[in-house]
Amino acid sequence: MSIKVKTIVRNGRSWQERLYLIEVFKGMAITFRHFLSNFLDNSKLAVRHYPEVKPEITPRWRGRHRLTTHEDGTIKCVACYMCQTNCPAQCIQIEAGERGDDRTEKVPVKFDIDLLECIYCGYCVEACPMDAIRMDTGIFSVTSSTREEMKMSIDQLLATKGAFSEEEYKKGGA
Amino acid sequence: MAEMVKLSVNGQEVEVEAGKNLIDAVGAVGIEIPHLCYHPALGADGNCRMCLVGIEDGRPPLVPACKTQAAEGMKVQLDAEHIKKIQHDVMELELINHPTDCPICDQAGECALQDYYQKYDGQESRMTVPQVQKSKKLDFGCGVVHDQERCILCARCVRFTRQITKTGELGIVNRTDDARVTIFPGRPLNNRYALNVVDLCPVGAMTSKDFRFKQRVWFLSRDKGVCHGCSKGCNIFIDHNKEKYKDDIIYRFRPRQNDQVNGYFICDEGRMTYKKENEDRLTVAKVNNAESIISSAVDTLKNAVSSSSNPVFLVSPNCSLEQMFAIKKLGETKGATLCGFSDGYIKQGDGDDLLIQDDKSANRAGLELLGVDTSKEAFQSAMKEADLLVNFNSDLTNSFDADTLDELLANCKFVMVATTQDILTDRAEIVIPVAAYSEYSGSVINADNILQMFNKAVVKNEPFDDIVNIVSRIGGDIEDNSAAWAGMKASVPTLKDVEPEQIPEQGLALNS
């Protein structure tokens, strides 16, 4: 078995190319051709007008988290700490308490996610035995001007609704 | 040394202690026989059938290991196919009506049923009918919460109340899949050892109201310790956890087996003393009622001791032997009168013949061994002439009422070297916070004259110094525990031959 040798053609060695200026004008011609065509008709533009035009997010996109609820509006989370245990960034802090309704016995009284620490790996969603935490809000850009605001409380996590229908979400492999 | 017998387990020859049952005997050499109802302190009941083992060429060929004595030449089968099938089938039966609510069960992570399911069963439930519903979250009293659905009816708790506490509050009523553990109507658990049923329960049927939902057990670090709740010195596990951005906190005490001291159990009162380690801790030093940094408070104390003509050092009977010795040495160099008065720690008639002692201090025997005067007269006469009282963490409020205390401290400067904030630290002129017993290493001597070592378990974010360290900074010669031991070996005849590193885990019985 012989070794295959591929010879790479080296450009830029001819005298025309070594003159440099000719190549510069060739390059500028390409730039101006694109400029003119986009200037006259920007419908074919290869970039998105962000933030006016938002990108389309697939249901499998791992966006900002939310806590889901049962049909009657009660929280699904049972404070089993599986997400907190599984979280590689340790950004979830839960405190458990007694549950008032007769669904189960345990409920989180505190459920904080520090989004500055979160690495959006989605392990919390995978670990959850109750489908109580999801990352289907479609929120991909999380910003704030203070650190404190980046810490999501249980109420904030419950307030956000999912951006997709149940069928779409389930189709995503959940 | 107990008599040894040779037997084979799975064809492997092992030498085990004679006279023990197979679970204990074979378990001692590291071969585990699964069992749910058997507990060494409660004896064999034989109701769970999980420990069934095969005896090759034996009659009968199949026996419960908990009720079978280890005998010479026995050929025990544990990994034979028919034994594996029994273990698998027993697990399947146990799990028929067991709610698999492990995510919300406090026992998850230290649950025998969970572990055995992973090891011996591991299959999906084949049940198609709904599970039997029973009562959940029953308050059994004494801080015990019972879940009848999770119960596997091993009767450990029932046997505990009948055999150990002899109070018999619990019983199993009804039969077959309707059987349940319950209390008699209006007669809840009422004994001082009730919370041991939480540890005894192999599943999450018995949970502690105090610990309920506080932590998942896999977050907890388990360190060995010695309870300072009374002079029994029960061996405990200190379960603590330092959550992110928070301080290291103790969440519970659990009994640790020590046949020489406490056996398998601890009392409820001692179990709850973990709260004292967390709550009302003294965190700031004080000099003349103004907050100060600890090092300058120690310097102020050093000057006060040096300039005092008649200082009195009061030692707490809860101090470790090393601390007592360091204080004693300091007293000798500074010409101070050393007192160990602490009658308030003794609650006459409170003890019982199981574990609880009248004396609520951990190391009174240590005070006596070091020859510290503990009499009230000596303390009161010393206080008459004293111009400085340095109190090393002794709780005077349980010996004197407020008026007597005022009278006692009227003419002298009062210094507290303490762990906990109380009215004494409020009125002291110099206050220095120190480490509590879960935060330092040391040794104590219990009521039965058994010397036990314990190590530092909890590491706080801002750790306080041990009393030994504070004393050396005031001007004592003893710098650390090893120096204290060198000194004690030289001056205390009983401790002459004791090597602190070689004190066994079970403790060393001192001959006095």
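In this predicted model, the C-alpha centres of the two domains of chain A, domain 1 and domain 2, sit 51 Å apart. The domain assignment runs domain 1 from 10–47 and domain 2 from 66–171. The loop between α2 (21–40) and β1 (66–67) of chain A holds Pro51(A), and the peptide bond that joins Tyr50(A) to this proline is cis, with omega at about 10°.

Chain A also touches chain B. Here 13 residues of chain A are in contact with seven residues of chain B. On the chain A side, α3 (82–86) and β2 (92–98) each put in at least two residues, and β2(A) gives the largest share, with three residues. Sorted by class, this side of chain A comes out as six nonpolar, five polar and two charged residues.

Turning to chain B, one helix pair is worth a look. Helix α9 (residues 321–334) and helix α14 (residues 467–474) of chain B pack with their axes 9 Å apart and at an angle of about 15°. Angles under 35 degrees count as roughly parallel, so α9(B) and α14(B) are roughly parallel to each other. Their crossing is left-handed. From α9(B), the contact draws on Glu322(B), Gln323(B), Ala326(B), Ile327(B) and Leu330(B); α14(B) answers with Ile467(B), Val468(B), Val471(B), Ser472(B) and Ile474(B). Taken by class, the contact between α9(B) and α14(B) has seven nonpolar residues, two polar ones and one charged one.

Chain B has a cis peptide bond as well, running from Arg59(B) to Pro60(B) with omega near -5°. Pro60(B) belongs to the loop between β3 (52–55) and β4 (62–64) of chain B.

Asn10(B), in the loop between β1 (4–9) and β2 (12–17) of chain B, has phi near 55°, a positive value in a residue other than glycine. Asn289(B) also has a positive phi, of about 65°, although it is not a glycine; Asn289(B) is found in the loop between β14 (285–287) and β15 (290–292) of chain B.

Key. Residues are numbered from 1 along each chain as its sequence is written. Chains are lettered from A and ligands numbered from 1 in the order in which they are written. This is a predicted model: local features need pLDDT of at least 70, side-chain atom pairs count only at pLDDT 80 or more; totals for chains, interfaces and linings use all residues. Domain bounds come from an automatic or database domain assignment. Axes are lines fitted to C-alpha atoms, for helices over the stretch in contact, and angles run from 0 to 180 degrees between N-to-C directions. Helices (H or I, at least four residues) and strands (E, at least two) are DSSP runs, numbered from the N terminus. Angles under 35 degrees count as roughly parallel, over 145 as roughly antiparallel, 65 to 115 as roughly perpendicular and the rest as oblique. A crossing is left-handed if the near helix is turned anticlockwise from the far one by less than a right angle, and right-handed if clockwise. Two residues are in contact if their C-beta atoms, placed from the backbone, lie within 7 Å. Ala, Val, Leu, Ile, Met, Phe, Trp, Tyr, Cys and Pro count as nonpolar, Asp, Glu, Lys and Arg as charged, and the others, Gly among them, as polar.
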